[in-house]
Amino acid sequence: MFELVTILLLLSMLITLYRFLKGPTLGDRIVAFDVMNIMGVSLLVLLALYFQRSLYLDIALVFGLIGFLGTTIFGRYIEKGI
Amino acid sequence: MQYVGYFFIFLGTLSFLISSVGLVRMPDVYTRMHVGTKSTTMGTILVILGTICIEPTWAWKLILLAIFILLTNPLSSSVIARAVHKDGATLKLDAFKEVEK
């Protein structure tokens, strides 16, 4: 049961990685980066369920915070430059 | 209770899979952003709900994570939309083009 769910999540991350590598403009790459970040948060929740450790939920929270900061900084970079 | 939780997690990962397929097939930056933000929010909320059903003692941390995702995900979508629009991206299928003529 757990393996099926994890394989589906990793498959969707792989399809998103295709858009990240191919995407014609910078905006497409940032969208794909954001989607992969949220999938990473969900994957950390699944790993916490698999290893039975609630410490990974804190790591998921910090990972989501860092990903949000990265998306915002890239959006500012498109808008105004460095 | 465990099977209900795994059912919710399966629905969430199915939402992630639909989101990634739409991210490949959509023709434009705006439509890709529309696909990539809304369904991933729903997928994350479903995965967290399933984990709450399996392990009820972790509920507070998971609810905090869900509130955090619900707050920051539309905000990052709005930031990307504003930046791409100011950069001058155009729609591929413009619905208002024939109205203006």
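Guide: Two residues are said to be in contact if their C-beta atoms, placed from the backbone, lie within 7 Å. Please keep in mind that this is a predicted model.

Visitor: With that cut-off in hand, which residues is A:Ser12 in contact with, once its neighbours within four places in sequence are left aside?
Guide: A:Ser12, which is found in helix 1 (residues 2–22) of chain A, is in contact with A:Met39 from its own chain and with B:Phe16, B:Leu17 and B:Ser20 from chain B. A:Met39 lies 27 residues from A:Ser12 along the chain, and the C-alpha atoms of the two are separated by 8.6 Å.

Visitor: Why is A:Ser12 called buried?
Guide: The term asks for 20 or more other C-beta atoms within 10 Å, and A:Ser12 has 26 of them, so A:Ser12 is buried.

Visitor: How much of each chain is buried?
Guide: In chain A, buried residues make up 39% of the 82 residues, while in chain B they make up 35% of the 101 residues.

Visitor: What makes up the secondary structure of the two chains?
Guide: Chain A has three helices and zero strands, in the order α-α-α from the N terminus on; chain B comes to four helices, again with zero strands, and its elements run α-α-α-α.

Visitor: What share of the contacts joins residues at least 24 apart in sequence?
Guide: Among contacts between residues at least 6 apart, that share is 39% in chain A and 71% in chain B.

Visitor: How many residues does each chain bring to the contact between chains A and B?
Guide: The contact takes 39 residues from chain B and 35 residues from chain A. On the side of chain B that touches chain A, helix 3 of chain B gives the largest share, 14 residues, and by class that side has 23 nonpolar, 11 polar and five charged residues.

Visitor: How do you know that the span of helix 3 of chain B is close to the expected one?
Guide: The expected span is 1.5 Å times one less than the number of residues; helix 3 of chain B has 29 residues and reaches 42 Å from its first C-alpha to its last, which is close to the 42 Å expected. Its buried residues, including B:Leu65, B:Ile69 and B:Ile80, pack against helix 2 (26–51) and helix 3 (55–80) of chain A together with helix 2 of chain B. Just after helix 3 of chain B, B:Gly88 takes a positive phi of about 100°.

Visitor: What makes a set of residues a nonpolar core, and how many residues has the largest one?
Guide: Its members must be buried residues of the nonpolar kinds, joined through C-beta atoms within 7 Å; the largest such core has 36 residues, and among those with the most contacts inside it are A:Met39, A:Leu44 and B:Ile80. Helix 2 of chain A gives the largest share of this core, 14 residues. Leaving aside its neighbours within four places in sequence, A:Leu44 is in contact with A:Tyr56, A:Ile59, A:Ala60 and A:Phe63.

Notes
Residues numbered from 1 in each chain as written. Chains lettered and ligands numbered in written order. Predicted model: local features only at pLDDT ≥ 70, side-chain atom pairs only at ≥ 80, totals over all residues. Buried ≥ 20, exposed ≤ 12 C-beta atoms within 10 Å, placed from the backbone. Nonpolar A, V, L, I, M, F, W, Y, C, P; charged D, E, K, R; others polar.
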